[in-house]
Amino acid sequence: MKKILLLFAFLLAVNYLFAQQTYPVNGTYDIRQGLYAFTNASIVISAQKTISNGTLLIKGQTIQATGSGLAIPKGYVVIDLKGKFIYPSLIDAFTSYGMPEATRTGSSGRQSIFTSTKKGAYGWNEAIKAETQASTMFSADNKKADELRKAGFGSVNVVNRDGIARGTSAAVTLSDEKENNTILNPQSAANYSFNKGTSQNDYPTSLMGAVALLRQTYYDAQWYSKQKEEYNISLDAFNKQQNIPQIFEADGWQNILRVDKIAKEFGKSYIIKSNGDEYQRITAVKATGASLIVPVNFIRAYNVEDTVEARDISLAQMKAWELAPTNPAALEKAGIRFSLSTHGLESVKDFWPNIAQAINNGLTKKQALLALTEIPAAMIGIADKTGTLETGKLANFIITSDSLFNKETVIEENWIQGKRFIVFKKDTGKDTSKLVAKKQEELKTDSPGALLFPFARFGNLAPLKQENVLLKNATIWTNEKEGILQNADVLIENGKIKAVGKNLNAGNAKVIDATGKHITAGMIDEHSHIAMTGGINEGAQASSAEVRVGDIINSEDINIYRQLAGGVTTSQILHGSANPVGGQSQLIKLRWGKLPDELKFEGADGFIKFALGENVKQSNFSGSGARFPVTRMGVEQTFADQFTRAKAYKIEMAKKGNMARRDLELDAIVEILDNKRFITCHSYVQSEINMLMKVADSLGFRINTFTHILEGYKVADKMKARGISASTFSDWWAYKMEVAEAIPYNGKILHNIGITTAFNSDDAEMARRLNQEAGKAILYGDVPEEEALKFVTLNPAKMLHIDNRVGSLKVGKDADLVVWSAHPLSIYAKAEKTFIDGIPYWDIERDAELRKTQNEERARLILKMKESKDKGSKTQRPKAEIQRQFHCETIEDYSIELNESERSHNHE
């Protein structure tokens with residue numbers, strides 16, 4: 001009888017509790033509030049405070065008091081929780097709970113949609129959806145809410161994961177009531193990503209385009225706030241969201257660094273939703289100062305029973321499986337503020353086993369609780385309502401059988417806004433809460449392996465260090481007036497060439513006997529597309545001068561290591577040739593194991609990619625519609641239009657107190673006019689080369705280099721007269737119509753005319769043997785050996801304006817050099833050591849040792865995966881990571897790749 005009365009009182013209280021003040025009631029009103037006293041429990045007020053044998057009083061939705069020895073007011077239902085624990089309900093700061101699934105297009109072809117198709121006064125690009133409000137789209141989903149409640153969650157942040165500027169998210173509870181009662185903060189954060197989502201606009205097609213679009217949007221918003229010419233719903237909303245928390249979904253530690261650069265440019269402080277690989281570069285992540293939302297969707301072990309399939313798994317994939325559970329502990333140790341999220345889990349049931357893994361790998365229980373309560377509450381602006389069990393906050397709490405993170409503990413009840421949800425049904429013994437499949441002792445494994453720098457095959461156990469070295473008794477190709485020196489020495493000190501000559505004093509330097517070896521300056525590739533991620537072309541518009549290759553440098557690209565093995569030390573990383581005016585280039589040194597920005601050639605001039613020919617006019621393009629230009633006449637007009645606009649823009653921007661809108665695209669063109677940025681132009685055919693030279697003459701800009709330039713021999717005199725350099729291929733011809741008249745003597749003729757001439761690769765594999773490409777200049781035209789070597793060393797250095805630093809072996813220059821086993825232009829020569837800044841980034845003997853130790857590491861990890869499977873852990877089928885090889889004409893849509901990845905991996 002007593003139980004029936006208690007239940008009746010409970011139900012009456014619930015009726016009042018969730019009665020919506022503005023909604024009519026079909027019946028009689030009941031205004032009684034739920035009054036409950038939970039006694040004799042261990043009450044965890046917060047991660048810092050626990051009350052033993054305490055009492056928790058709640059009235060309606062609100063906590064009235066917590067403490068020991070509290071007097072229980074009259075009318076309260078007393079619930080004895082002797083031996084139990086009470087914790088704040090958990091909070092997830094990043095979910096798609098209750099949000100409609102974005103319908104993403106799967107088409108790989110462009111639609112030639114250049115501006116927004118939305119009806120109304122919105123911004124020009126559909127990827128900027130700042131006007132979107134999750135609170136107006138949110139619909140409570142009791143089935144999904146129940147899954148989260150069983151895991152102990154009481155509140156979540158719901159995010160519309162669609163677009164680059166995604167609008168506002170909303171913080172909601174997981175009650176089963178109507179949305180009016182469950183939304184705690186309708187504007188919990190403004191949200192961003194690098195994925196354009198469902199936008200039908202072609203632009204952006206690349207990661208660098210996504211970065212550029214967001215940067216331009218910030219500048220447009222600044223301009224919009226000061227002007228009175230137009231009304232723009234998207235920019236108006238964007239500006240209004242700048243004073244609430246800013247959440248940026250940026251999967252991968254390299255994207256975290258990209259987000260940080262945007263934050264610093266615009267004075268923002270982002271909360272970054274990561275993908276859990278921060279441990280790979282924890283120091284760099286900490287240096288951003290950002291708070292993180294970190295998923296615990298740890299990688300499943302690979303099923304390696306099939307040895308053939310097992311070969312598809314990279315060492316990086318294996319190590320990521322082993323080290324991912326160490327990530328939360330690494331973040332805690334580094335002092336990085338973070339919350340934990342269920343995002344990306346195939347099933348919420350995996351949440352607690354994964355938390356157990358994180359704790360076994362060093363995450364403290366206190367930090368785990370903070371990361372699931374107080375920190376996410378503060379992130380999404382509901383710390384005044386949830387996150388702790390302080391008086392006046394919502395009655396969001398869980399009742400557990402023991403301390404929350406103990407191995408046998410179950411969550412028995414989850415109270416949300418004062419409403420009871422039973423999780424563990426004692427009468428049946430059915431535990432639907434944590435579902436921890438293994439005891440912690442059983443989950444313990446041997447210590448994980450070490451990090452690699454970079455986190456890839458052939459990564460080193462620690463970043464390589466600069467050395468002082470004396471290379472003795474070698475044949476030295478100086479590329480200077482001294483010519484080739486026999487039985488001579490090179491002294492490297494503090495990253496510079498200290499001396500070149502015979503019988504040098506080593507001092508404290510390490511001595512290496514180079515007898516019988518040849519030493520040259522490092523190879524320089526004027527035209528490369530390695531070390532990029534997220535697409536090489538932003539070709540949706542005729543000009544993409546606003547995009548920067550420097551924003552998408554990928555320091556983990558294995559091609560860096562492979563090209564070091566071929567003696568390459570410096571590369572110009574170029575935008576592709578999908579449009580007449582391409583993106584801004586990035587000059588890098590191949591510093592294997594360094595961070596992306598540390599690869600950049602410091603102090604170098606800026607360059608930009610232009611292009612001519614079939615690629616840019618896209619007349620044979622398979623997409624629907626047509627992007628201007630589609631004729632060679634249109635290409636010429638594009639250049640004329642860009643520079644005419646840039647001149648007018650420069651004048652306007654120079655006016656004092658001007659209200660001009662900053663345009664990142666035109667900024668780059670103005671830099672060309674001001675000789676602060678220099679043109680590298682993709683070119684083939686004589687007529688088009690002549691056209692661009694005439695356009696340049698008429699509009700007052702200069703072409704620095706024609707790259708490819710396979711009909712350069714026809715216009716060499718005109719190029720020389722204008723001081724234009726030539727970076728060509730050694731012996732490519734007849735691979736498409738534009739090169740029907742290419743000849744292998746092109747380099748020889750250009751060189752003889754007096755043009756600074758280089759050979760480039762435009763190919764990740766070819767760059768591994770630039771020395772052999774240079775040797776072809778001897779085969780085709782008898783170019784002297786020393787001059788032929790300059791085609792891939794000093795000459796590209798000159799055209800890239802870095803010959804004061806690299807390209808020859810001269811005292812004071814950077815110690816970027818190669819030790820060859822034989823004559824450097826021979827097909828039999830091997831690069832035995834490649835130094836950059838005096839650091840031996842390639843060493844043929846160290847490479848042999850690396851192969852041995854990393855094969856042993858693979859064997860260890862394969863055995864560990866088998867043991868994991870034998871213990872009942874879930875596995876996945878091996879899937880090879882496809883190495884992307886970019887060329888000038890590579891056209892793809894980065895966002896489609898992201899969307900496909902989400903469809904295959906996002907199981908939220």
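**Exercise 1.** What is the mean pLDDT of the protein chain, and where is the pLDDT below 50?

*Solution.* Residues 435–443 have a pLDDT below 50, with 18 contacts in the model beyond near neighbours in sequence. Residues 903–908 are also below 50, and that stretch has 16 such contacts. Where pLDDT is low, the predicted coordinates should not be read in detail.

**Exercise 2.** Follow helix α27 from end to end, and find what its buried residues pack against.

*Solution.* First, the N-terminal end: Asp843 caps α27 there, with a side-chain oxygen 2.9 Å from the backbone nitrogen of Glu845. Second, the span: the 27 residues of α27, 844–870, reach 39 Å from first C-alpha to last, close to the expected 39 Å. Third, the buried residues, which include Asp847, Leu850, Arg858, Ile862 and Met865. The packing partners of the buried residues are β13, α9, α10, α16 and β36. Finally, step just past α27 to Gly872, where phi is positive, about 100°.

**Exercise 3.** Which residues of helix α11 are buried, and which elements do they pack against?

*Solution.* Begin with α11 itself, residues 327–334: Asn327, Pro328, Ala329, Leu331 and Ala334 are buried. Now turn to their surroundings. These buried residues pack against the helices α8, α10 and α12, and against the strands β12 and β14. Last, look at what follows α11: Gly335 has a positive phi, near 80°.

Note on methods
Residues numbered from 1 in each chain as written. Predicted model: local features only at pLDDT ≥ 70, side-chain atom pairs only at ≥ 80, totals over all residues. Heavy atoms only, no water. Helix = DSSP H or I, 4+ residues; strand = E, 2+ residues; numbered from the N terminus. Expected span 1.5 Å × (residues − 1). Buried < 20%, exposed > 50% of the residue type's maximum accessible area, 1.4 Å probe, protein only. Contact = heavy atoms within 4.5 Å. Polar contact = N/O pair within 3.5 Å; in protein donor to acceptor, adjacent residues only side chain to side chain. pLDDT = per-residue confidence, 0-100.
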